[in-house]
Amino acid sequence: MTSPIRDSAPTPGPTAAPIPPPGCPAHSGQAPAGQGLESLHGPEFAADPSATYARLREHGRIAPVELAPGVPVSLVTSYQTALDILRGPETFSKDARHWQALTDGTIPMDNPVVPMMMYRPNALCSDGEEHHRLRSAISDTLDRLDIHALRRYVERSADFLIDLFGPKGEADLLKEYSARLPLLVFNQLFGCPPELSDKLVRALSALFDVTEDSEQANALLAETLFQLIALKRENPGPDMTSWLIAHPAELTDEELIHQIVVLVGAGTQPQQNLICKGLLLLLSDERFRGDLAGGTMLIEDALNEVLWKDPPLANFCVHYPRHDVTVDGHRLPKGDPVVISLAAANNDPYLLSKRRGNRAHLAWSAGPHTCPAKDPAQLIASVAVEKLLDRLPDLELAVPVERLEWRPGPFHRALAALPVRFPRTAAKSDEALAEMAAATAAISGAVGRTPTVSRADAPDAGPGETTPSADTASATTGPRPEPESGAEHEARRRWWKSLAQWWRRG
């Protein structure tokens, strides 16, 4: 599908981008590691990435940067160039086995960015027929979600969390709301016991932050998902893990783990960032702050602004040239990583006058690897923000915007905390919270019904990807789950009571 911006924006030709003088590192797209490269790691970049992007544009549409110590990459800052690369799998592979510096040991496996960039047998890291097979398993599984039931589940989960911190009159909306809500949704959709999902979220957080513990976090992630898959093989249910196991693609355990890594990775850290930054914009920007009761359209506008201006994944979509190639005057050597700066490309100066009301941002990527879960992800964020503002209409920031801190890391743009205050709400007992949350967790309608999100409504399929019909997805739904017994409900209620007490103490 042709991008609206590509057709209407005054896109300069290849000779319009500044060409660096001979001998400049930008001629090759790279520079010797550590020699004069702009850094995408550390607190300085986290505090003001737009200043870094502005300097990088002096190189042209692609610039050499250091993603982590000892890891030079080419960063794409132009919208049009990014779009061309995202839509060019014949030249740019997603398979990190092309990454020569990793395969020859120049970059060691214990480098903290490797777990986020390494090859995994999943749809994100594959090309061609293999990509089609793996993506079809994900797409078919997502098609089986009941979006209306998902909305109800998010609303009830949001109510549960708001009732936990509401009586205090203050909260860190990152820790107490934006991070916890995707976790509750993930538990439900994947049939994941809370003791496993807590490990998953801790591991993913370390990977996105690119900490020294990234290698250990990657091992914890794999170990925990092995446990989840073993559990679901023994006790399948109406959940996404069980559906992936039963899919005709016949995924191996290793493939199952890495499909779930993609879905969980996209559904937790970036999701919490989108919710958090949507709330920040609504609470701090006068265009939105004047009427927080403005309804869903106001919230959708705010989230679209975030996806354009400050996307949750700032720099990702790693590609590897299949051969030496020159793009917009920049030489990109075979096998050297090319990273798309979704944040810089979305804020390309050539687009600023064209993007108002336009939803052609790159926050969901583009081309054959467009995010297949963008519709449920957008729904979860919209409902989360809407429910919070409806319950706490007098919500306000507890500190000035300029005092907010951002988590370091080259891949995401993430707040470290979002402190707010508001008039206190009436406290609910732990028993009442447990009953409400047990009822929330018992909703099985979020999965297992005739799909309401068809592939016709989903992002563009990649080349060669087929569109399963609603009838086909419905036919493979399988039997409805047995009603929860009284003993099972009581056990669930006791667990939610203990969770409520633990989260209150936290």
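Reader: Is Ser365 buried or exposed?
Author: This is a predicted model, in which local features need pLDDT of at least 70, side-chain atom pairs count only at pLDDT 80 or more, and totals for chains, interfaces and linings use all residues. Residues are numbered from 1 along each chain as its sequence is written, and side-chain values use heavy atoms, with hydrogens and water left out. A residue is called buried under 20% relative accessible area, exposed over 50% and partly exposed in between, using a 1.4 Å probe and protein chains only. Because Ser365 has a relative accessibility of 13%, Ser365 counts as buried.

Reader: Where is Ser365 found?
Author: Helices here are DSSP runs of H or I with at least four residues, strands are runs of E with at least two, and both are numbered from the N terminus. Ser365, which has a positive phi of about 70° although it is not a glycine, is found in the loop between α18 (342–346) and α19 (374–391).

Reader: Which strand does Cys317 lie in?
Author: Cys317 is not a glycine, yet it has a positive phi of about 50°. Its relative accessible area is 9%, so Cys317 is buried. The strand that holds Cys317 covers residues 315–321 and is β6.

Reader: How many disulfides does the structure hold?
Author: A disulfide is a pair of cysteine sulfur atoms within 2.5 Å. By that rule, the number of disulfides in the structure is zero.

Reader: How many residues of helix α4 are buried?
Author: Helix α4 spans residues 79–86 and is mostly covered. Its buried residues are Tyr79, Gln80, Thr81, Ala82, Leu83, Ile85 and Leu86. Of the eight residues in α4, the number that are buried is seven.

Reader: How far apart in space are Leu397 and Ala171?
Author: Leu397 is found in strand β10 (residues 396–397), and it counts as buried because its relative accessibility is 14%. Although Leu397 and Ala171 are 226 residues apart in sequence, their C-alpha to C-alpha distance in space is 9.9 Å.
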